[in-house]
Amino acid sequence: MLMRTDPFRELDRITQQMFGTTGTWSRPSAMPMDAWRAGDTFYVQFDLPGISADAIDLDVEQNVLTVKAELRPTQRGDGAEVQVSERPLGVFSRQLFLGDTLDTEHISAAYEAGVLTLTIPVAETAKPRKIQISGGSDRKELQA
């Protein structure tokens with residue numbers, strides 16, 4: 001029901017960590033994600049520590065879910081000398097292809113403690129349903 005979009009995303013993430021590059025709007029950094037299904041609902045969580053809720057952009061277009069966020073450097077003031085800078089900065093993005101069996105009209109999002117949680121219900125048409133089978137008595141009436 002959920003499909004990853006870029007097989008090289010993990011390689012990009014490792015490269016960015018090793019060389020300390022920041023994401024840009026044209027080449028955003030990856031953001032860690034977990035996804036699972038519980039009953040008739042899919043859940044997707046993205047780690048976005050230090051990013052304010054108003055810096056997160058969430059869009060769905062033709063079953064493609066796009067999450068973008070930006071973390072800008074902290075203003076340190078004049079004369080500040082950075083001793084260590086390990087926190088990732090820049091633009092982060094992730095795209096997921098949502099299957100036709102998910103209800104993209106009713107996605108909800110919550111953001112708490114640096115974790116964006118999306119709740120995506122399974123579409124009614126994709127849920128299992130019972131089909132009534134007519135019995136032998138109906139068949140006899142048709143033959144008479």
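Strand β6, residues 90-98, is mostly covered, with seven of its nine residues buried. The model is predicted. Strand β5, residues 64-71, pairs with β6 in the antiparallel sense. A search of the whole structure finds two salt bridges, and the structure holds one aromatic pair.

**Strand pairing**
- Eight bridges link β5 and β6.
- Val64 has Phe97 as its bridge partner in β6.
- In a regular strand, side chains alternate between the two faces of the sheet.

**Nonpolar core**
- The largest nonpolar core has 19 residues.
- Phe46, Leu48, Ile51, Ile56, Val67, Leu116 and Leu118 touch the most other members.
- At least two residues of this core come from each of β3 (41-47), β5, β6 and β8 (115-121).
- β5 gives the most to this core, namely four residues.
- Leaving aside residues up to four places away in sequence, Val67 touches Met31, Phe46, Ile56, Asp57, Leu58, Phe92, Ser93, Arg94, Leu116 and Leu118.
- Among these contacts of Val67 are the charged residues Asp57 and Arg94.

**Aromatic pair**
- A pair of aromatic rings is described by the distance of the centres and the angle of the planes.
- The structure holds one such pair.
- Its rings belong to Trp36 and Tyr43, with centres 5.6 Å apart and planes at 20°.
- The pair counts as stacked because that angle is under 30 degrees.
- Trp36 has 35% relative accessibility, so Trp36 counts as partly exposed.
- Tyr43 is also partly exposed, with a relative accessible area of 24%.

**Salt bridges**
- Side chains of opposite charge can pair when their charged atoms come close.
- Arg37 and Asp40 meet through their side chains in a salt bridge, at 3.8 Å from N to O.
- Arg37 is partly exposed at a relative accessible area of 39%.
- Asp40 is partly exposed too, at 36%.
- The side chains of Glu70 and Arg72 form a salt bridge, at 3.4 Å from N to O.
- Glu70 counts as partly exposed at 22% relative accessibility.
- Arg72 has 60% relative accessibility, which is over 50%, so Arg72 counts as exposed.

Methods:
Residues are numbered from 1 along each chain as its sequence is written. This is a predicted model: local features need pLDDT of at least 70, side-chain atom pairs count only at pLDDT 80 or more; totals for chains, interfaces and linings use all residues. Side-chain values use heavy atoms; hydrogens and water are left out. Buried means under 20% relative accessible area, exposed over 50%, partly exposed in between (1.4 Å probe, protein chains only). Two strands pair if DSSP finds at least two bridges between them. Rings of Phe, Tyr and Trp (its six-membered ring) pair if their centres lie within 6.5 Å; planes under 30 degrees apart count as stacked, over 60 as edge-to-face and the rest as tilted. A nonpolar core is a set of buried Ala, Val, Leu, Ile, Met, Phe, Trp, Tyr and Cys residues joined through side-chain atoms within 4.5 Å. Contact means heavy atoms within 4.5 Å. A salt bridge is a side-chain nitrogen of Lys or Arg within 4 Å of a carboxyl oxygen of Asp or Glu.
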